[in-house]
Amino acid sequence: MTELIATKSPLWERDLGFRLNIVAVSDLHLGSVISPNGLDAKTLVEANFAKGGFGQLSGGSAEADNEAIIKTAPADIVVEATFTNPKDGEPAVSHCRWALNSGKHVVTTNKGPIAIAGRELKALAKANTVHFEYEGSVMSGTPVIRMAWKTLAGAEVKGFEGILNGTSNFVLGRMEDGLDFASAVAEAQALGYAEADPTADVEGFDVRLKVVILANELLGANLKPEDVSCRGISELSPSDIQAAAKVESRWKLIGSAVRNADGTITGSVAPKQLALGHTLAGVNGATNAVSLNTELLGPVTVSGPGAGRIETAYALLSDIVAIHNAQSASFAKEAA
Ligand SMILES: NC(=O)c1ccc[n+]([C@@H]2O[C@H](COP(=O)([O-])OP(=O)(O)OC[C@H]3O[C@@H](n4cnc5c(N)ncnc54)[C@H](O)[C@@H]3O)[C@@H](O)[C@H]2O)c1
Ligand SMILES: N[C@@H](CCO)C(=O)O
């Protein structure tokens with residue numbers, strides 16, 4: 001995000017009508033810093049700080065101080081982009097609570113807080129009259145949550161199936177190319193696709209969080225991660241992958257949910273062998289795709305980057321644009 005701010009600010013000011021000013025950062029590795037007048041984004045990107053490097057900055061410390069920074073920094077928006085914790089969402093859930101309770105908007109790509117405490121955090125945002133936005137929690141910068149709310153309202157989403165993890169899709173593709181599993185995972189890590197602990201990617205835990213988020217957001221479910229059955233790609237061997245190719249099919253890790261006849265919602269994550277003609281079979285690399293099954297339109301498929309640093313930073317920007325647009329509309333209404 002800092003890199004985008006460093007390079008795109010003049011363009012955003014011209015096209016989007018706002019300029020972003022970084023007034024504080026707290027990072028486990030680099031430390032923390034508050035600068036009410038703003039930190040220069042280009043300097044932050046180019047400084048290449050070592051561990052504890054923020055200690056060299058005016059107003060800086062070599063230690064992360066998340067709680068104080070979130071509560072006291074003179075910021076309008078807190079960007080939460082720490083590691084996703086698929087077990088209890090912490091410490092990100094606390095970060096979001098501190099920010100919302102301090103009257104700050106939150107934008108986040110962290111799946112933990114949404115999948116585990118989404119309802120609570122949305123209610124907290126409402127009670128504090130601030131926004132809580134999380135478009136990048138599913139498919140990084142590729143729009144799906146807001147797109148479905150805004151442009152498919154009334155189309156009645158009944159279920160979905162998708163490729164929702166860039167790392168595992170990339171790894172399956174590289175294994176088709178003949179690479180071994182461990183080397184393919186290492187490549188995905190080097191490209192910035194994988195979670196801090198890539199077990200979450202290859203065992204399906206990351207997709208399980210995304211299935212929970214999409215089911216709760218688009219199907220009105222109230223699922224928790226433990227409600228969704230979960231198997232990952234680590235169970236596939238190179239011979240499974242070669243055998244699929246011989247019968248014109250391909251393994252994909254599929255996250256899905258469906259509304260049952262009795263109104264309950266069932267979610268699952270599992271590797272599936274898809275015929276090459278299937279809509280999702282041709283989705284390669286870190287690309288994600290989700291087919292939303294709607295009553296009025298049938299399947300509507302969205303596809304685009306599902307992982308990557310710039311792609312994920314764009315998701316944060318899209319959330320900030322949504323906040324800016326909502327606030328501009330509200331000011332215009334008050335002024336009318
Ligand atoms: N990279 C992607 O493609 C992608 C896509 C969508 C969503 N996400 C999610 O976005 C978030 C950020 O992803 P990323 O790829 O930038 O991760 P990353 O591992 O590159 O960076 C995470 C940063 O958070 C810091 N951090 C971790 N725990 C912290 C803590 N407790 N306090 C302060 N700082 C802490 C780390 O020092 C690191 O700088 C994650 O939750 C990830 O699941 C990532
Ligand atoms: N590790 C995740 C990042 C996006 O959530 C992936 O590979 O899709």
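Trainee: What share of the contacts in the chain with a separation of 6 or more comes from residues 24 or more positions apart?

Mentor: Two residues are in contact if their C-beta atoms, placed from the backbone, lie within 7 Å. Here, residues 24 or more positions apart supply 68% of the contacts with a separation of 6 or more. Keep in mind that this is a predicted model, where local features need pLDDT of at least 70 and side-chain atom pairs count only at pLDDT 80 or more, while totals for chains, interfaces and linings use all residues. Residues are numbered from 1 along each chain as its sequence is written, and chains are lettered from A and ligands numbered from 1 in the order in which they are written.

Trainee: Thanks! How many helices and strands does the chain have?

Mentor: Helices (H or I, at least four residues) and strands (E, at least two) are DSSP runs, numbered from the N terminus. The chain has 12 helices and 12 strands. Its radius of gyration is 21 Å, close to the 20 Å from the globule rule for 336 residues, so the chain is as compact as a globular protein of that length. That radius is taken over C-alpha atoms, and the rule is 2.2 Å times the number of residues to the power 0.38.

Trainee: Where does UniProt place the "active site" feature, and is K210 buried or exposed?

Mentor: The unreviewed UniProt entry puts it at K210; such positions use the numbering given here, feature names are shortened, and annotations may be inferred rather than shown by experiment. A residue is buried if 20 or more other C-beta atoms, placed from the backbone, lie within 10 Å of its own, exposed if 12 or fewer, and partly exposed in between. K210 counts as buried because it has 26 C-beta neighbours inside 10 Å. The residue sits in helix α10 (residues 205-218). Leaving out residues up to four places away in sequence, K210 touches K111, V138, L164 and G255.

Trainee: Which backbone angles deserve a look?

Mentor: Most residues other than glycine have a negative phi, and most peptide bonds are trans. M139 has a positive phi, near 65°, and lies in the loop between β6 (132-133) and α6 (145-151). With 30 C-beta neighbours inside 10 Å, M139 is buried. E156 also has a positive phi, near 60°, but with 13 other C-beta atoms within 10 Å, E156 is partly exposed. The peptide bond from E90 to P91 is cis, with omega near 5°, and P91 belongs to the loop between β4 (77-80) and α4 (92-101).
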